[in-house]
Amino acid sequence: MALCAFSFPAHINRSTASDPQKSTPFTSHLLGRTDLLFQSLHKLYQVQVRKRPGEVYASLSGGAEYHSQRPPTPLLDTINYPIHMKNLSIKELKQLADELRSDVIFNVSKTGGHLGSSLGVVELTVALHYVFNAPKDKILWDVGHQSYPHKILTGRRDKMHTIRQTNGLAGFTKRSESEYDCFGTGHSSTTISAGLGMSVGRDLKGERNNVVAVIGDGAMTAGQAYEAMNNAGYLDSDMIVILNDNKQVSLPTANLDGPIPPVGALSSALSRLQSNRPLRELREVAKGVTKQIGGPMHELAAKVDEYARGMISGSGSTLFEELGLYYIGPVDGHNIDDLVSILKEVKSTKSTGPVLIHVVTEKGRGYPYAEKAVDKYHGVAKFDPATGKQFKGSSATQAYTTYFAEALIAEAEADKNIVAIHAAMGGGTGLNLFLRRFPKRCFDVGIAEQHAVTFAAGLACEGLKPFCAIYSSFMQRAYDQVVHDVDLQKLPVRFAMDRAGLVGADGPTHCGAFDVTFMACLPNMVVMAPSNEAELFHMVATAAAIDDRPSCFRYPRGNGVGVQLPLGNKGVPLEIGKGRVLIEGERIAILGYGTAVQSCLAAAALLESHGLRLTVADARFCKPLDHSLIRTLAKSHEVLITVEEGSIGGFGSHVAQFLALDGLLDGTVKWRPLVLPDRYIDHGSPADQLAQSGLTPSHIAATVFNVLGQKREALEIMSSRN
């Protein structure tokens, strides 16, 4: 399937195109067929519009109530694996979808998790597992937060009560969890690339299985998706891409191509037509013939073909077809009849190359509260199914994310050059609050972290003060831009890295373990981390004041510790590269970085009851380091312990480098680093993750006893923790 280098205008003049003075017998034949197509489609359109006028989307459920008790699921109870679905009728598949939807709702009501996205793909999941033969056929779920129905149908229903909990099911697809999870996800826009790799691998091995990549419209805003489609069009390997369009792209333009064409009976009939095997194979033969003829004749036939496809599919087809994908849709993603018919046709057709099926779904489908407020039911806490009320724990403090937003708003009030950028995470980064106050100074670039960073670099070139707020784990996606476009040029872009450190239920895909390591190795970057929420306000102010180089600061998921905030939420810029001593002690010094300082203070309190008074210091900066503070701690204490919630190669490594070069390790001081272990920490409660990592106050205290040779006391303090 060759890439198209042109697009054919939808306003083609048929009378001109069919001018007998400009046509040959072959072109007359082709254009005559096209004219018949026009007539047929016009008649079909008239009939279908009378049946179902207007735009038809997935409609909201009636009423504002839901079951208070879990409904019976007699059909779902017989389905343990997809093979058990194969003999069901379409009517039974619809019943299965209804039961599956209620099962998702009641499961998530007990555990919390991703609700709206999973409810939106129930019918699609049922249709995929009915038509295809997983795990031989590969089904990939982009991001993976919509995979709850998939997990239920693939042998994990009895474990759904453990999802996102310690030793339980992952909230995303995970290869080690099930053979039905052929590719692990958590970040977006990866499945077309992975699916293409699987398709080419299949071809090289001479196998014949199908590969299906399901990707959302939000994930389609990332460049990697287009890189993959471009390569897929070139390689022409058979694979199916399903674009799950639930109109939830966070961009101002809520979908990819403007208003979605009607997704009702007309669209359904036309989608059936374009997925029809005889028509498809006729097109393949026609392309082969015109390629042999070559030259202008091939181009003319290609234009006619593309226009016919545009008529059938609507305006969305052109972009995908130019990338080399055969476009089908839009299709009602909640109509199992249509989904099954189209998937069966695509599966049974030989030599298709890459196919994109555009499926329109409704996020939160079938649960009234989720349908009406998708922003509140994307990720949920435990809730009451009957009322939709979520059981969120109360806290005396706000989330660090909110404190960051309030600090940035205060800085922006005083400085009109401050602007904010995020990558489709307005709610997650708190910048939706900034947007309300400064609608023209906040930019959502979509799921496009690479673009976000270089866009911020361009803003910095013009004298603005960009704050680029991106999750720590998502910053990994834009590292080359951070190095090449920002740090190398010493552009004053400020990176606010949320979700730093362990993140609990979201697990290793979202764990912010590596940012200190990959940021602090850059020559021009100022790297800092607050020990509490007040320090975060000061570091936002510090970053705003740094105008000759890039800077970054990290802060965790979770709430503040309850310290007093700066007056008017306006932080005070800190002296660059200067830490502070919080507790003056003797013999043992603990130097904490970021919110790990709170565990250091708790460890000091534990040890004080054992007769040890420790020095506790807050480094504040990883780069530049406070050499004077570290030198003083090393020379005046027997033991120096560095503590951070980050990977090997981070803060502790920079301290060790300085200690070694300064000759401080040549004497009697003993240095011990406490960091995240050199492995990925599975999802679970934050307390469980911290314990697995060996970074609790008890672990820090036990480390002190161990380095002092007091093994019994170390064991006692660890056992008392349990």
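## Strand β10 and its neighbours

Strand β10 and strand β11 (residues 494-498) run parallel and are joined by five bridges; strands count as paired if DSSP finds at least two bridges between them. C468 has F495 in β11 as its bridge partner. Strand β8 (residues 418-422) also pairs with β10 in the parallel sense, again over five bridges, and there A420 is partnered by F467 of β10. Helices (H or I, at least four residues) and strands (E, at least two) are DSSP runs, numbered from the N terminus.

Seven of the seven residues of β10 (residues 465-471) are buried, so the strand is largely enclosed by the rest of the structure. Buried means under 20% relative accessible area, exposed over 50%, and partly exposed in between (1.4 Å probe, protein chains only). In a regular strand, side chains alternate between the two faces of the sheet. Both faces of β10 are covered, with K465, F467, A469 and Y471 buried on one side and P466, C468 and I470 buried on the other.

## Basis of the model

The model is predicted: local features need pLDDT of at least 70, side-chain atom pairs count only at pLDDT 80 or more, and totals for chains, interfaces and linings use all residues. Residues are numbered from 1 along each chain as its sequence is written, and side-chain values use heavy atoms, with hydrogens and water left out.

## Packing of α5 and α6

Helix α5 (residues 122-131) packs against helix α6 (residues 148-156) at an angle of about 35°, and their axes are 9 Å apart. Axes are lines fitted to C-alpha atoms, for helices over the stretch in contact, and angles run from 0 to 180 degrees between N-to-C directions.

On the α5 side the contact is made by V122, T125, V126 and H129, and on the α6 side by P149, H150, L153 and T154; contact means heavy atoms within 4.5 Å. By class, this contact has four nonpolar, four polar and no charged residues. Ala, Val, Leu, Ile, Met, Phe, Trp, Tyr, Cys and Pro count as nonpolar, Asp, Glu, Lys and Arg as charged, and the others, Gly among them, as polar.

## Backbone features in loops

A134 and P135 are joined by a cis peptide bond with omega of about 5°; P135 is in the loop between α5 and β2 (138-141). The bond from K623 to P624 is also cis, with omega near -5°, and P624 is in the loop between β17 (621-623) and α24 (627-636).

D236, a residue other than glycine, has a positive phi near 60°. D236 lies in the loop between α8 (223-235) and β4 (239-245) and is partly exposed at 29% relative accessibility.
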